Amino acid sequence: MKKITVKVQAAKKLRAGYPLLVAEDLTDLSNLKEDDFAQFYDEKQHFIGTGYLSKQNKGIGWLLTHSERFVKADFYAEKFLNARKLRISFFNDELTTAFRLFNGEGDGLGGLTVDFYADFAVFNWYNPFIYTQKDEILSAFKAIFPEIKGIYEKCRFEGGCESQHIFGENAPEPLLVLENGVKYATYLNEGLMTGIFLDQKNVRGKLVNGLAAGKTLLNMFSYTGAFSSAAAVGGASQTTSVDLAKRSLDKTREQFSANGIAPETQKIYVMDVFGYFSYARKKELSYDLIVLDPPSFARNGKKTFSVAKNYGELVESSIEILAENGIIIASTNAANVSREKFRQLVEAALKKKKVPFTIFQEEHLPADFHVAREFPEGDYLKVLFIKVEK
């Protein structure tokens, strides 16, 4: 097995349980040329642990264990078994049939996540090397989760696999799943997305369980309208969904229909979000609840949007069409914006508009997205519930 020497600071954090390796950690960058298992040592050649090197969107590898044990099928089976034990409550929840089954480094195996959709599993591979371990990983997974009816995979690295079915039964299309008692239409074999972002379960739960009752809701960057469906089931008097993607129209209608809500009773717009803000101002529209959950980066013609640079503009525009004592749900999963920085961006925009406000609740990742205590960056979701008293 390849032996890799890491610098003093890297050795310290790896021994403390931090699992991610970055290029700056290595004393010899020529080792980055190969994807492989590796044993890591400090500069005095004291053993640290076993892991692997393979570039992905964050870092160049993962530490998997502090032992010299060779990583193989029994190692994967142990990680899946521990993950299953952590999620017993989710398997027993009759109101939710879609959740994160295995959360990468949070469950001890960086580079892989697995999601559960009503007896089907979706594997997400994040780097080329972990994908080469596919056969052993799948064998271990099936041994620990024998009840899984079928498996799909998605490669989230360049040059990887297509979204495809790889084992067992094919899921129906759409596959209806439950979350907090609300039905969502999902598609397990349509590119990288499935139709619902499972990490927002807790936020949608608040909308279902009373926050949206009797209120008007504006859902910006609405994708398939999951927030809107949750709000409608939760008693919202009216929902408005806005997204630039043309597919959002039919997808959002489908979500309403799945819950017995006539789509024509709700408002759905296919247009640029900032264009809709202008439209709403001209029409003197206002909303009791506004959900802001943009992609980390987006491009529309020559215009670009990034959370770090432009999120404040979303908040400012929302203030102008927010009803008296309205609520803004500000959310992002941008990895390059820390929790503190995000709060600063939001508060700066609110102060710029000179409105009194209270951040009355914060949300992180739900419990099924298990996060390692030693790797707080794994808790990437940042959500602020803000009451604006104007």
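This is a predicted model: local features need pLDDT of at least 70, side-chain atom pairs count only at pLDDT 80 or more; totals for chains, interfaces and linings use all residues.

Mentor: Residues are numbered from 1 along each chain as its sequence is written, and side-chain values use heavy atoms, with hydrogens and water left out.

Trainee: Which strands are the edge strands of the open sheet of five strands?
Mentor: Helices (H or I, at least four residues) and strands (E, at least two) are DSSP runs, numbered from the N terminus. Two strands pair if DSSP finds at least two bridges between them. The order is β6-β7-β8-β9-β10, with mixed pairing. Each edge strand pairs on one side only, and these are β6 (98-103) and β10 (164-168).

Trainee: Which residue in β7 stands opposite R100?
Mentor: Strands β6 and β7 (residues 112-117) run antiparallel, joined by five bridges. In β7, the residue opposite R100 is D115.

Trainee: What angle does the direction of helix α2 make with that of β6?
Mentor: Helix α2 (residues 73-86) packs on the sheet and touches β6 and β7; contact means heavy atoms within 4.5 Å. Axes are lines fitted to C-alpha atoms, for helices over the stretch in contact, and angles run from 0 to 180 degrees between N-to-C directions. For α2 and β6, the angle is about 140°.

Trainee: Within what arc do the buried residues of α9 fall?
Mentor: Buried means under 20% relative accessible area, exposed over 50%, partly exposed in between (1.4 Å probe, protein chains only). In α9 (residues 273-282), V273, Y276, F277 and A280 are buried. They line one face of the helix, because, seen down its axis, they fall within an arc (that of the directions from the helix axis to the C-beta atoms) of 105°.

Trainee: Is D25 buried or exposed?
Mentor: D25 sits in the loop between β2 (20-21) and β3 (36-41). Its relative accessibility is 7%, so D25 counts as buried.

Trainee: With which side chain does the side chain of D25 make a polar contact?
Mentor: A polar contact is a pair of N or O atoms within 3.5 Å; within protein, one must be able to donate a hydrogen and the other to accept it, and residues adjacent in sequence count only if both atoms are side-chain atoms. Leaving aside neighbours within four places in sequence, the residues in contact with D25 include T5, V6 and L20. The polar contact, at 3.5 Å, is with the side chain of K13.
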